Amino acid sequence: YMAVLAQARQEIDRSIESIGFEKSQIQILAALTRLRQICCHPLSFLENYEGGSGKLNLLEEILEQALGSGHRVLLFSQFTSMLDIIEKELRRKDIGYFYLSGKTPAAERSAIVSRFNGGEGQVFLLSLKAGGTGLTLTGADTVIHYDPWWNPAVEEQATDRAYRIGQDKVVQVFRLITRDTIEEKIQLMQERKREMIDMVIKPGENILHKLTKEEIRELFN
């Protein structure tokens, strides 16, 4: 993480010096995404990575405790590459699951939601964009956000999938944050901006439209 952070900082400084802050937004977003992927699991960004992931280890502990106590889980991530890694772990441990992403055909979505709410499967993997709205998943009583999203409203909408009408259980929510990384900075930024209406990111905008130049530089410190 620190090696990629140092490289990203150099690249962005050169880009801003060369073409200016506004025209460097693509490079800045790409660098932020790389850092966030490494926080999830270096393998989601580095093809030849053969080591482990502290966050994945923590997830396995939470799942073992939750599933062992009879709970059923909604697990959100923005990165389908990370969901693919988690899927392999669930298969390896013979844990029943469903997986919904933007590639899931519309005709299949309602069918797998019905099967899950009917008691089939223990874990439901969802990409945040595909599963964040429009679904009722009251078959779960535990929600895990594997990685933080810039806009807290989007996370809350995703969490609400388990709180819909018909839910008769207490719902637990976990947010997994890698300490001393950009994820922790995102969390602090969310807390600062949560009450600001302009934190809502409109279509066609990205997070950089809502951050000052100083805030963006802070993310790379």
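At what angle do helix α1 and helix α2 pack, and how far apart are their axes? In this predicted model, helix α1 (residues 2–19) and helix α2 (residues 25–40) pack at an angle of about 175°, and their axes are 10 Å apart. Two packed helices are described by just this pair of values, the angle between their axes and the distance between the axes. Angles over 145 degrees count as roughly antiparallel, and α1 and α2 are therefore roughly antiparallel to each other. On the α1 side, the contact is made by V4, L5, A8, E11, I12, S15 and I19; on the α2 side, Q27, I28, A31, R34, L35 and I38 take part.

With this helix pair in view, the rest of the chain can be followed. The protein chain holds nine helices and five strands. Read from the N terminus, the elements follow the order α-α-α-β-α-β-α-β-α-β-α-β-α-α. Of the 221 residues, 48% count as buried. The chain exposes about 11,700 Å², and carbon and sulfur atoms supply 50% of that area. Among contacts with a separation of 6 or more, 71% join residues 24 or more positions apart.

The mean pLDDT of the chain is 86, and 88% of the residues reach 70 or more. Among the elements, helix α3 (residues 54–68) has the highest mean pLDDT, at 96, while helix α6 (residues 128–131) has the lowest, at 70. Where pLDDT is low, the predicted coordinates should not be read in detail.

The five strands form an open sheet in the order β2-β3-β1-β4-β5, with parallel pairing. Its edge strands are β2 (97–100) and β5 (172–175), each of which pairs on one side only. On average, neighbouring strands of this sheet are turned by 15° against each other, direction ignored. Helix α3 packs on the sheet and touches β1 (73–77), β3, β4 (142–145) and β5; the direction of α3 makes about 160° with that of β1. Helix α7 (residues 152–159) also packs on the sheet, where it touches β1, β4 and β5, and the direction of α7 makes about 150° with that of β4.

The pairings can be traced strand by strand. On to β4, which runs parallel to β1 and is joined to it by four bridges; L75 stands opposite I144 in β4.

Strand β1 is mostly covered, as five of its five residues are buried. In a regular strand the side chains alternate between the two faces of the sheet. In β1, V73, L75 and S77 point one way, whereas L74 and F76 point the other way. What is the relative accessible area of L75? The value for this residue of strand β1 is 0%. Buried means under 20% relative accessible area, so L75 is buried. Setting aside residues up to four places away in sequence, L75 touches L59, L83, I86, V123, F124, L125, L126, I144 and Y146. The C-alpha atoms of L75 and T142 are separated by 8.5 Å, although the two residues are 67 residues apart along the chain.

Some loop residues also deserve a look. D141 sits in the loop between α6 and β4 and counts as buried, at 7% relative accessibility. Apart from neighbours within four places in sequence, D141 is in contact with H71, R72, K169, V170, V171 and Q172.

D94 lies in the loop between α4 (80–92) and β2, and D180 lies in the loop between β5 and α8 (182–193). Exposed means over 50% relative accessible area, so D94, at 69%, counts as exposed, and D180, at 61%, is exposed too. Most residues other than glycine have a negative phi. D94, although not a glycine, has a positive phi of about 60°, and the phi of D180, likewise a residue other than glycine, is positive and near 60°.

Terms used. Residues numbered from 1 in each chain as written. Predicted model: local features only at pLDDT ≥ 70, side-chain atom pairs only at ≥ 80, totals over all residues. Heavy atoms only, no water. Helix = DSSP H or I, 4+ residues; strand = E, 2+ residues; numbered from the N terminus. Buried < 20%, exposed > 50% of the residue type's maximum accessible area, 1.4 Å probe, protein only. Contact = heavy atoms within 4.5 Å. Areas by Shrake-Rupley, 256 points an atom, 1.4 Å probe, with all protein chains shown as cover. pLDDT = per-residue confidence, 0-100. Pairing = 2+ DSSP bridges. Axes fitted to C-alpha atoms, helices over the stretch in contact; angles between N-to-C directions. Parallel < 35°, antiparallel > 145°, perpendicular 65-115°, else oblique.
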